[in-house]
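Here's a walk through one protein fold, written for someone who would rather look than calculate. Keep the viewer open while you read.

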Amino acid sequence: MMKKYLLLLFFSISLTSLSAQDKGYWVCFNVEVDSDGAETFVSSLDKFMSSEAAKQLPFVITLNEILFANENNRITHQLCFLSQNADSMANWGSGPPPTPEGVILSMNFQKYVDVKQSILGSPLIFDQNGLGLDYFNIWQWNVKDPATFANAFVKFQKDSKKLLKNATFGLHEAIAGSSKGVSHYFAARASNLAEFLKIREKIVASKAAAEFRSTVNSAGQIEGVFGGRIIKRYNVNQFYY
């Protein structure tokens, strides 16, 4: 079962169109963590990630708390890993090493974590500064015309730059495991929820947003939205930013 394989990824680094060797990839586990065992699970994750074995892993790992989701997104957390390139994914699915910390983590993961979904994806347009921001809002898109959508996104991002103080936009493609009809993800990141809401109000009322909506109406449609915050970051020194 999927629970046997803990270590996967979320977010990845690729600001421009890079070669397959250099392009980043991400996988994200959407999970439900048993409230009675949440503290035990996180404690075992902390201990494992402090071990020498974990420090050798070629991933940045994040644990995210889901704050807003609808009835179709009944998840409490995301367990996510970052990879700088395809080579880092060579041993994907092998799980944590059989060290004492790895065994305890695996045991608690199987006991307290229910995996609802695992998604493999890759960034198309991503501002690396977003990795240091805690709050995120994710729009799940069914994109029918990727070229039109991507061009509109780039223009929207550029035209909104002055409004994006301590915030970023990102566009990601889904490769496998996404919900039915979802092909891309539009991610907005800010330092916290309050900052996100303030910036959102300005952008929603802007000419840039109106032009973006007008252009992408024929290129795709939103299938869902959820929001949350990063509560743990591990192995952040793995990246070159």
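How do the axes of α4 and α6 cross, and within what distance do they come? They come within 9 Å and cross at roughly 180 degrees. Axes here are lines fitted to C-alpha atoms, for helices over the stretch in contact, with angles running from 0 to 180 degrees between N-to-C directions. Since angles over 145 count as roughly antiparallel, α4 and α6 are therefore roughly antiparallel to each other. On the α4 side the contact (heavy atoms within 4.5 Å) involves Thr148, Phe149, Ala152, Phe153, Lys155, Phe156 and Asp159, and α6 brings Ala208, Ala209, Glu211, Phe212, Thr215 and Val216.

A word on ground rules. This is a predicted model, where local features need pLDDT of at least 70 and side-chain atom pairs count only at pLDDT 80 or more, while totals for chains, interfaces and linings use all residues. Residues are numbered from 1 along each chain as its sequence is written, and side-chain values use heavy atoms, with hydrogens and water left out. Helices (H or I, at least four residues) and strands (E, at least two) are DSSP runs, numbered from the N terminus.

**The barrel**

Now for the sheet: 8 strands close into a barrel, with antiparallel pairing, in the order β1-β3-β2-β8-β5-β7-β6-β4. On average, neighbouring strands of this sheet are turned by 35 degrees against each other, direction ignored. Two strands pair if DSSP finds at least two bridges between them. Some of the antiparallel pairings look like this:

| Strands | Bridges | Residues facing each other |
|---|---|---|
| β1 (25-33) and β3 (77-83) | 7 bridges | Tyr25 and Ser83 |
| β1 and β4 (113-126) | 8 bridges | Val33 and Val113 |
| β2 (60-68) and β3 | 6 bridges | Val60 and Leu82 |

Strand β1 has 8 of its 9 residues buried, so it is largely enclosed by the rest of the structure. Buried means under 20% relative accessible area, with a 1.4 Å probe and protein chains only.

Helices pack on the strands too. Helix α1 (residues 38-49) lies across β1, β2, β3, β4 and β8, at about 65 degrees to β8. Helix α5 (residues 193-204) touches β2, β5, β6 and β7, and its direction makes about 50 degrees with that of β5.

**Cores and rings**

What about the greasy parts? A nonpolar core is a set of buried Ala, Val, Leu, Ile, Met, Phe, Trp, Tyr and Cys residues joined through side-chain atoms within 4.5 Å. The largest one has 23 residues, and Phe149, Phe153, Phe156, Phe169, Phe186, Ile203 and Phe212 have the most contacts inside it. Two or more residues come from each of β5, α4, β6, β7, α5 and α6. A second, separate core of 21 residues includes Leu63, Val113, Val115 and Tyr234.

There are 16 aromatic pairs; rings of Phe, Tyr and Trp (its six-membered ring) pair if their centres lie within 6.5 Å, and planes over 60 degrees apart count as edge-to-face, under 30 as stacked and the rest as tilted. Phe59 and Phe81 have ring centres 6.1 Å apart and planes at 85 degrees, so that pair is edge-to-face. Phe59 sits in the loop between α2 and β2, and Phe81 in strand β3, 22 residues apart. Both Phe59 and Phe81 are buried. The rings of Phe186 and Phe212 are edge-to-face as well, with centres 6.0 Å apart and planes at 70 degrees. That pair links strand β7 to helix α6.

How values were computed
Buried < 20%, exposed > 50% of the residue type's maximum accessible area, 1.4 Å probe, protein only. Parallel < 35°, antiparallel > 145°, perpendicular 65-115°, else oblique.
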